[in-house]
Amino acid sequence: MTTLLDLDTALHRLLDSLEPLPAGPSLPIAEAHGYYLACDQLAAVAVPPFANSAMDGYAVASQDEALRRGDALVVSQRILAGGSPGPALASGCCARIFTGAPLPDGADAIIAQEDARILDDGRVQFDDVPGSGNFVRPRGGDVEAGAKLAHAGDPLHPARLALLIAAGLEALPVHPRPRVAIVTTGDELCAPGTPLAAGQIYDSNATMLAALARDSGAEVMAVTHAPDDPTGLREVLDTATGADAIICSGGVSVGEADYVREVLASAGEVSFWKLALKPGKPFAYGRFRGRPLFGLPGNPVSALVTFLLLVRPALQRMAGAKAIEAPVRFPATLTAAVRKRPGRRDFQRGEYRIGGDGRIEVSANSRQDSNILSALTVGNCLIDLPREQRDLDAGERVWILPLTGWAR
Ligand code: AMP
Ligand code: MG
């Protein structure tokens, strides 16, 4: 009997075997969303680049004697965002100013317009004297010029792109997105849109895996179908060797029509096969003609779960991620008993909700077979049950992995 590999061991071995793809030419920053930085980045300009107002109001000199006495001040200039300040503020004067506009010389504080009274002669009076720096956004208050803003391996998500743009960057060195080929195996599979012949089912994994790969930052080069015979399978895999990685579905079990491992062994190497995981036990990983090949089980729930736990992190590593994001997890309380046999770590399909006391409650779907796709669309999480865990009662605490956006 093959010993079943622990999920965490498998993930480490898989990640250790992969390198980020070599960085290509820099990308214009507007096209860099979803990539990972290949080098550290320093701010080219300070953010903000000049001191400016945080409010619509009046710029004043907080030490001005006229202001401190409570005198009405003359509005000597008006500065809009994008405008330039006029001469330095004289004593007894203030500047009308709007959010984002630069402060005139001599001004060191802003009084909000709600706290100003406009007199008939156009002068303004303030009840309170602001402290120096009140409602002023100082130059470099967010980021100093030359400061390290981002590190190699950081993901270029919308907020980081915004920060890098604010700091004056225009092109970014990035790792390329991994280009993947998806190959589904199975003589029973029929393409969507074609009437089913006897014994056929629709190939749901092809489109699901392509979507998961794209949502994980990969570029899908090709989606092909291979027959359940070693020669035909090898021919299809040979057409996929232009990809950075091959994601294969089906044919990794111990059935008589399961040829993925055999073909992998004959034209590369099998790094590991069979995990202490449910669903997803037959998962195989290796190299086909030097390309990483992920052999996912054909049952759609197993394919999705192994993609989430193993393929997505691998694609992130190839894409240059410094830190591989583990799926988000929360503690939750079971609302009903759950059946669990020891031996494999189980990711059961479940549904969680926030209970009346604000705590997270979860129940397992009554149908845990790995072909039951509807358990994934009705449900909204996976319940992560440790390898040696046995049956659980209502009220026990478990960890859940919400299936958010990209995985649902
Ligand atoms: P296999 O891993 O090839 O033994 O397939 C396990 C089960 O998953 C079988 O019932 C297959 O018919 C089904 N299956 C395999 N590939 C797909 C696919 N691409 N789409 C939907 N079901 C599949
Ligand atoms: Mg099959």
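Start by selecting Pro48, in the loop between strand 2 (41-42) and strand 3 (52-53). Strands here are DSSP E runs of at least two residues, helices are H or I runs of at least four, and both are numbered from the N terminus. Look at the bond between Val47 and Pro48: the peptide is cis, with omega about -10 degrees.

Before moving on, note that this is a predicted model, where local features need pLDDT of at least 70 and side-chain atom pairs count only at pLDDT 80 or more, while totals for chains, interfaces and linings use all residues. Residues are numbered from 1 along each chain as its sequence is written, chains are lettered from A and ligands numbered from 1 in the order written, and side-chain values use heavy atoms, leaving out hydrogens and water.

Next, pick Pro279, in the loop between strand 19 (277-278) and strand 20 (284-288). Lys278 and Pro279 are joined by a cis peptide bond too, with omega about 0 degrees.

Now click on Lys274, in the loop between strand 18 (268-273) and strand 19. Its phi is positive, near 80 degrees, though the residue is not a glycine. Lys274 counts as buried because its relative accessibility is 17%; buried means under 20%, exposed over 50%, and partly exposed in between (1.4 Å probe, protein chains only).

Then go to Arg289, in the loop between strand 20 and strand 21 (291-296). Arg289 is not a glycine either, yet its phi is positive, about 45 degrees. At 44% relative accessibility, Arg289 is partly exposed.

Select helix 7 (residues 300-318) and find the kink of about 45 degrees centred on Phe307. The bend is the angle between axes fitted to the seven residues ending at a residue and the seven starting there. 19 of the 19 residues of helix 7 are buried, so the rest of the structure largely encloses it. After helix 7 comes Gly320, with a positive phi near 105 degrees.

Last stop: ligand 1. Show the 16 residues around it; Glu188, Asp203, Ser204, Gly251 and Gly298 come nearest (near means a heavy atom within 4 Å). A backbone N or O atom of Asn299 sits 3.1 Å from an oxygen of ligand 1. Finish with strand 15 (201-202) and helix 4 (204-215), each supplying at least two residues of the shell around ligand 1.

Note on methods:
Polar contact = N/O pair within 3.5 Å; in protein donor to acceptor, adjacent residues only side chain to side chain.
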